[in-house]
Amino acid sequence: LKEQKIDASKLVVKDLFDISVKDEAIEKHLEKEGNTIEVVLKADIQEGQFVTVAVFKDGKWVIAENVVVNEDGTILVTLEYLGAVAIIVA
């Protein structure tokens with residue numbers, strides 16, 4: 001946030017939900033260090049709005065490294081972990 005000059009007091013958790021899978025192959029894929037999965041989330045993000053995504057893992061929130069806002073307001077996010085997910089906007 002400091003690098004992007006975002007005022008932390010302006011951040012809001014827009015959505016909070018769980019992403020999980022019952023596919024053993026995907027679970028094994030994500031167990032390996034460095035492996036990721038891309039998901040598209042319906043988020044209604046406005047043009048120019050700051051957005052990031054965090055996943056709760058091992059007692060702390062981990063920020064997703066890659067979040068892209070699509071023209072239709074959805075976001076494409078690359079996740080290293082699955083679980084409780086927060087879409088955070090400013």
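Strand E7, residues 83–89, is mostly covered in this predicted model. Of its 7 residues, 6 are buried, where buried means under 20% relative accessible area, exposed means over 50%, and partly exposed lies in between (1.4 Å probe, protein chains only). Strands here are DSSP runs of E with at least two residues, numbered from the N terminus. The model is predicted, with local features needing pLDDT of at least 70 and side-chain atom pairs counting only at pLDDT 80 or more, while totals for chains, interfaces and linings use all residues. Residues are numbered from 1 along each chain as its sequence is written, and side-chain values use heavy atoms, with hydrogens and water left out.

E7 pairs with strand E1 (residues 12–19) in the antiparallel sense, over 7 bridges. Two strands count as paired if DSSP finds at least two bridges between them. Ile-19 has Gly-83 of E7 as its bridge partner. E7 also pairs with strand E3 (residues 51–57), again antiparallel, over 5 bridges. Here Val-85 in E7 stands opposite Val-55.

A further set of 3 strands forms an open antiparallel sheet, ordered E2-E6-E5. Strands E2 (37–41) and E5 (66–69) stand at the edges. Each has a single partner strand, so one side of each is left without a neighbour in the sheet. From one strand to the next, the twist averages 20 degrees. Axes are lines fitted to C-alpha atoms, and angles run from 0 to 180 degrees between N-to-C directions. E2 and strand E6 (residues 75–79) are joined by 5 bridges in the antiparallel sense. Within this pairing, Val-77 in E6 is the bridge partner of Val-39.

Technical notes. Helix = DSSP H or I, 4+ residues; strand = E, 2+ residues; numbered from the N terminus.
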